[in-house]
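Please examine the sequence and the structure before turning to the worked solutions.

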Amino acid sequence: MPLPRRLRALIPAALLTAGLLTVSACSAVPEEVDEAARAFGVELNPERKDANDLVAGDCFIEPEADELIGVSTVDCGEVHDNEVLHVVAIPETVEYPGEDPELWWEHEQVCAGQVFEDYVNEVWEDSPHWDFYPLLPTEYSWESGERSIHCVLYRMDGTTWTGSPSTGDAAPVSG
């Protein structure tokens, strides 16, 4: 039996959230993080963005495990496998929801509604190709002021694509 759609959306999030949002809420990846990464032999792309700086419409290729410090965006006309469809701002009054993914769903469901339908031109529950996963703040980044959930679009069959569903020119790239 396939996983419910809500749970399917959480699986990729678990894979990326830890690495992409462990950096601080600064607009650039802090030099201390870069130095520590270099000490472990991680090659760093100088053009990468802090995941907290991603905005709706940013396209990127899922980083390899040894590249999880920041993310390199690409023009959406190039081949990519992730696209930010929305950024949810969580009010300052909300306490950190913790590590339980179910506690985040109240905030994430914004991306499963009209936002998803407007961006992809399909209802989330009925979409045969598209789904999203959330990039969530860590407790550390939350304490540093990061209160955003980045809703990231991906193709359920795992293929890459060019273009964007938001502009109607998304075209899957055969493997």
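**Exercise 1: Disulfides**

About the S-S bond of C111 and C151 the torsion is about 75 degrees, so this disulfide is right-handed. The model is a predicted one, in which local features need pLDDT of at least 70 and side-chain atom pairs count only at pLDDT 80 or more, while totals for chains, interfaces and linings use all residues. Residues are numbered from 1 along each chain as its sequence is written, and side-chain values use heavy atoms, with hydrogens and water left out.

Task: determine how many disulfides a search of the whole structure finds, and describe where their cysteines lie.

Solution. 
1. The criterion for a disulfide is a pair of cysteine sulfur atoms within 2.5 Å.
2. In one of them, the sulfur atoms of C111 and C151 are 1.8 Å apart. Because C111 belongs to helix α3 (residues 101-112) and C151 to strand β5, the pair ties together parts that are 40 residues apart in sequence. Helices (H or I, at least four residues) and strands (E, at least two) are DSSP runs, numbered from the N terminus.
3. C111 has 0% relative accessibility and therefore counts as buried; C151 is likewise buried, at 0%. Buried means under 20% relative accessible area, exposed over 50%, and partly exposed in between, with a 1.4 Å probe and protein chains only.
4. A disulfide also joins C59 to C76, with an S to S distance of 1.8 Å. C59 lies in strand β1 (residues 59-60) and C76 in the loop between β2 (73-74) and β3 (82-89), so parts 17 residues apart in sequence are tied together. The torsion of about 90 degrees about this S-S bond makes the disulfide of C59 and C76 right-handed.
5. With the bonded cysteines of the protein chain numbered in sequence order, the pairing reads 1-2, 3-4.

**Exercise 2: Strand β4**

Solution. 
1. Strand β4 spans residues 130-135, and six of its six residues are buried.
2. β4 pairs with β5 (residues 148-155) in the antiparallel sense over six bridges; strands pair if DSSP finds at least two bridges between them.

**Exercise 3: Salt bridges**

Task: state how many salt bridges are counted, and which residues form them.

Solution. 
1. A salt bridge requires a side-chain nitrogen of Lys or Arg within 4 Å of a carboxyl oxygen of Asp or Glu. By this rule the count is two.
2. E92 and R147 meet in a salt bridge at 4.0 Å, N to O. E92 is in the loop between β3 and α3, and R147 in the loop between α5 and β5, so the pair ties together parts that are 55 residues apart in sequence.
3. The relative accessible area of E92 is 59%, which means that E92 is exposed, whereas R147, at 15%, is buried.
4. R155 forms a salt bridge with D157, their closest N and O atoms being 3.4 Å apart. R155 is buried, with a relative accessible area of 8%.
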